[in-house]
Amino acid sequence: MRKGDQDADVRTDPLTGNLTVVVPSRQGRPNLPTDDSCPFCPGGLEAPEGSYDVKWFPNRWPAMGGNRCEMVLYTPEHDKAFWELGTEGVSKVIDLWTERTRVLGARDDVDYVLVFENRGPEVGATIPHPHGQIYAYRDIPPVPLRELTDGVLEVPGGDDPLVVATFGDWTAWVPEAPTWPYELRVATSGPQQALDDPGLDRDGLARVLIDVLARLDQFARGPMPYMMWIHQRPRSPEQFAAQPVHFHICPYYRSPGVPRFVASAELGGGLLFDPVEPRAAAATLREQPGAVPGGATAEPR
Ligand SMILES: [Zn+2]
Ligand SMILES: [Zn+2]
């Protein structure tokens, strides 16, 4: 991110080196709709045309100027979980993520497209209707830049005890050193580095997302709050080694109803502490029934 970017007031903390975008305009955004109506339901503020399957629209309260922040509605059904949409419904969301990645990524003033979702009020989702967001950055932001520069993403084999599920080209696993005890990575073993790269196993992706998100809800005995984002190639990837398109899924609970707080020692020391052995976390998630019968889900070991 460049200083002096006209679409964002990006500042660097001289002590920590952290980058912060100062956005006073967002402080006035509503925490919740002022009445009971949902702006994302058909006929609501953001869907006045009525019925839709999936749709995107510009964020009314963008964190950056220049039409860089979009909302994505997953379904017209207010009370559905993403995974409950089934392969057909989830595939429509994947197709829309892909289309927006392509359109936003084709802009001269966009080098990185970040697709993400916050699920649940615990992680700041102010409206329960299933939805996600997209940010289109002028420059590659620090986290994917660090992964692209110094990171190694190895997709484990299907018999690795960290693996939770495999569908087609896609594998979901608990990382060896997670920040969140039931954190998941989901990556393709194919050569695709972005959602809009040709040949992506879209069916496998829909199935693996449905499966692992259902497992998280089953483990949480209710809706698991989570943060999820997709890392894909920058739009000018030439300077980086190939890295497969992948998802990071960060569930907020460490056991049903018990939040995992990132607390003072971890922020102050920079060393995270994980109370669940990652192989045990993977085994627990494998023991949940999942949501895709007949899939090539890893057997409990
Ligand atoms: Zn709604
Ligand atoms: Zn990543």
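Author: Asn67 counts as exposed because its relative accessibility is 62% (exposed means over 50% relative accessible area, buried under 20% and partly exposed in between, with a 1.4 Å probe and protein chains only). This is a predicted model, in which local features need pLDDT of at least 70 and side-chain atom pairs count only at pLDDT 80 or more, whereas totals for chains, interfaces and linings use all residues. Residues are numbered from 1 along each chain as its sequence is written, chains are lettered from A and ligands numbered from 1 in the order written, and side-chain values use heavy atoms, without hydrogens and water.

Asn67 sits in the loop between E3 and strand E4 (69–73) (strands, of at least two residues, and helices, of at least four, are DSSP runs numbered from the N terminus). Its phi is near 55 degrees, a positive value in a residue other than glycine. Most residues other than glycine have a negative phi. Arg221 likewise has a positive phi, near 55 degrees. Its place is the loop between H3 and E10, and with a relative accessible area of 72% Arg221 is exposed.

Asp217 belongs to H3 and is buried, at 10% relative accessible area. Its contacts (heavy atoms within 4.5 Å) include Arg119 and Trp83, leaving out residues up to four places away in sequence. Leu213 is also in H3 and is buried, with a relative accessible area of 2%. Beyond its neighbours within four places in sequence, Leu213 is in contact with Phe82, Trp83, Tyr226 and Ile249. Between Leu213 and Ala291 the C-alpha to C-alpha distance is 8.5 Å, although 78 residues separate them in sequence.

Ile249 is among the residues with the most contacts inside the largest nonpolar core, which has 53 residues (a core is a set of buried Ala, Val, Leu, Ile, Met, Phe, Trp, Tyr and Cys residues joined through side-chain atoms within 4.5 Å). Helix H3 (residues 202–220) supplies the largest share of this core, 10 residues. Apart from it lies another core of 13 residues, including Phe116 and Leu148.

Helix H1 (residues 86–105) packs against H3 at an angle of about 115 degrees, with the axes 9 Å apart (axes are lines fitted to C-alpha atoms over the stretch in contact, and angles run from 0 to 180 degrees between N-to-C directions). Residues of H1 including Val90, Ile94 and Trp97 meet residues of H3 including Leu205, Leu209 and Ile210.

Two metal sites complete the picture. The zinc ion (ligand 1) is coordinated at 2.0 to 2.3 Å by Cys38 (SG), Cys41 (SG), His78 (ND1) and His129 (ND1) (donors are N, O and S atoms within 2.8 Å of the metal, or 3.2 Å for Na, K and Ca; water is not among the atoms, so sites may look incomplete). The four donor atoms make angles of 101 to 118 degrees, and the site is tetrahedral (all angles between 85 and 135 degrees for four donors). Cys41 and His129 are both buried.

Glu147 and His231 are both buried.

Notes. Tetrahedral: all angles 85-135°; square planar, octahedral: opposite > 155°, others 65-115°.
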